[in-house]
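I opened the model to look up a few residues. My notes follow in the order I took them.

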Amino acid sequence: MTMWTHSRAAGKRDTTGRKNGVPVEEGAAGEAAPDAARSGASAVAPLVDPNSQNGVPAGGHIDGTPQARPVPNGVEQVRRDDMAKNGASHQEGGPRLMTVSDLQDSDASSDDGDETPEPESGWHEHADTQQQTVPAPAAAVREPVRTGAFGFDTYALRATITLAEDKLEALARRFYANLFASRPELRELFPAGMEVQRSRLVSALIRIVGSAENREELVSYLEGLGRDHRKFGVITEHYGPLGSALVMAFRQELGEQWTERHEKAWVHAYDTIAMIMAESAERDAVMWPAWWDAEVVFHRRLLDDLAIIQARPHTDYPYRPGQYCYVQSSRRPKMWRALSMASAPRDDGLVEFHVRAVGAGWVSSALVWRTEAGDVLRLGAPQGYDLANPRSERDLLCIAGGVGIAPILAGLQELEQRLDGRRVHVFYAGRDRDSLYALPHLESIGVRYRRLTVVPVVSPEGPEDRSPDLMGNIVSAYGDWRQHDVYLAGPTTMVQAALSRLREQQIPEEQIVCDDYGTW
């Protein structure tokens with residue numbers, strides 16, 4: 001069933017995209033920033049404590065914090081090395097830090113995060129901080145502290161993010177300068193342009209700190225990062241220099257605000273983060289390759305800036321409908337973009353992607369305008385949400401804009417093939433009627449899958465109307481969705497406005513999953 005809806009939002013809501021001052025990555029609606037915007041996952045609650053000093057409660061103490069299983073080289077070595085050397089160089093045997101994929105990944109866009117073009121001639125981060133004198137951490141007053149999952153000092157972790165809120169870009173620059181100064185050979189893991197890498201590093205830090213008290217969510221996220229980092233050539237030995245570079249970057253940017261408690265909190269947290277990621281990568285290496293080569297067998301431009309690509313992986317590619325993967329084109333080496341699979345797993349092994357070229361996006365533009373049959377793409381490990389999870393019995397509400405419809409098409413194909421009994425409502429928004437390129441496909445599925453209702457949404461004022469509340473108003477007007485699983489994928493403003501309206505209905509957060517695709 002298809003019902004056309006033309007509506008204009010009455011009022012505009014304040015939607016700022018990503019939270020806590022994190023720069024929004026430049027989006028390309030064809031590259032998904034999936035998983036990055038999962039409901040509540042990346043939020044870091046503001047810290048308010050009238051008795052605090054430098055963002056840490058007076059009397060903070062870390063000594064009573066349970067310790068995670070130590071890594072072979074001992075994470076405390078990082079702190080000792082940093083304080084002894086007072087510079088950017090580190091021994092290899094430091095802690096294992098965060099990862100190189102939130103560094104390395106260039107937007108799940110998420111489906112859209114093409115990076116802003118920077119000189120292809122080879123712009124590099126400069127290790128200009130190597131000789132800088134860095135103040136040693138200030139001592140914190142000893143007193144028991146509240147801990148989160150894995151014994152993390154979550155208050156101290158959040159305090160550092162709050163203190164660095166206006167310095168996040170500088171923090172990321174410091175991190176890479178420190179890393180490349182201590183291990184110049186790691187520069188080869190990254191593309192010439194580093195803007196997206198810096199943005200992804202910041203987003204990952206906020207995501208990890210925001211999930212620090214949710215053990216299950218944090219472990220799932222870190223295990224996925226560990227598996228995904230394999231495609232960059234990251235190995236266990238790289239985590240030490242990464243950890244040293246991160247701790248030093250915080251110390252350099254926060255200066256006298258950086259305390260001993262902050263340092264201990266990050267050293268301990270990083271130790272655990274690196275351990276989870278490295279062990280996940282080692283388990284994955286036993287079963288799967290670091291990436292899959294896939295030959296393009298079909299390429300068609302449906303619109304001037306949008307193409308459908310079908311590729312055949314050389315070996316079995318195990319994914320589920322609704323998931324995404326990072327894709328690299330041979331025409332843009334070392335640059336990866338997240339794309340959602342637009343088809344359910346097929347007997348012939350073909351994988352379909354819908355890609356929109358946005359602005360000066362290097363990868364998306366190459367995929368839309370320069371790719372042809374016979375080209376070989378490189379696919380990272382599948383990640384993300386199983387939209388057609390057979391274990392769920394709740395009906396589905398799907399809200400999509402632009403190429404955010406791709407993972408929903410994959411899920412609907414699976415539900416249809418399985419003769420699933422759940423009802424599915426799909427609200428599909430576009431800049432205008434012509435941009436609703438997948439509508440004929442949706443209608444064709446609806447003929448066979450009678451439990452599907454499709455509601456196309458366009459503005460009566462045409463493509464220039466960007467009223468962010470448009471979709472939220474329409475979805476709210478259709479009824480009560482508290483008993484549904486909810487999936488959102490599309491432009492930032494649409495996703496955030498729709499989320500606000502859904503939360504007004506008090507839909508449980510665990511029933512909501514969203515993929516933020518950046519801009520239209």
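I began with Met-287, which is exposed at a relative accessible area of 58%. The model is a predicted one, so I read that value against the cut-off: exposed means over 50%. I placed Met-287 in helix α8, which covers residues 260–287. I then checked the surface around Met-287 and found a nonpolar patch formed by Val-286, Met-287 and Trp-288. Together these three residues have about 350 Å² of accessible area.

Next I looked up Thr-371. I found Thr-371 in the loop that runs between α9 (362–370) and β9 (376–379). Its relative accessibility is 6%, so I noted Thr-371 as buried; the cut-off for buried is under 20%.

Which residues is Thr-371 in contact with, leaving aside neighbours within four places in sequence? I listed Val-296, His-299, Arg-331 and Ala-366. I also took the C-alpha separation of Thr-371 and Phe-298, which is 9.7 Å for two residues 73 apart along the chain.

I then went through the polar atoms of the Thr-371 side chain. The side chain reaches the backbone oxygen of Ala-366 at 2.9 Å. For the backbone oxygen of Leu-367, I noted 3.5 Å to a polar side-chain atom of Thr-371.

Last, I turned to cysteines. How many disulfides does the structure hold? I counted zero. I looked up Cys-398 and noted it as buried, at 2% relative accessibility. Cys-514 is buried as well, with a relative accessible area of 0%.

Conventions. Residues are numbered from 1 along each chain as its sequence is written. This is a predicted model: local features need pLDDT of at least 70, side-chain atom pairs count only at pLDDT 80 or more; totals for chains, interfaces and linings use all residues. Side-chain values use heavy atoms; hydrogens and water are left out. Patches are made of residues with over 30% relative accessible area and no salt bridge: like charges are joined within 9 Å, nonpolar side chains (Val, Leu, Ile, Met, Phe, Trp, Tyr) within 5 Å. Accessible areas come from the Shrake-Rupley method with a 1.4 Å probe; for residues, only the protein chains shown count as cover. A salt bridge is a side-chain nitrogen of Lys or Arg within 4 Å of a carboxyl oxygen of Asp or Glu. Helices (H or I, at least four residues) and strands (E, at least two) are DSSP runs, numbered from the N terminus. Buried means under 20% relative accessible area, exposed over 50%, partly exposed in between (1.4 Å probe, protein chains only). Contact means heavy atoms within 4.5 Å. A polar contact is a pair of N or O atoms within 3.5 Å; within protein, one must be able to donate a hydrogen and the other to accept it, and residues adjacent in sequence count only if both atoms are side-chain atoms. A disulfide is a pair of cysteine sulfur atoms within 2.5 Å.
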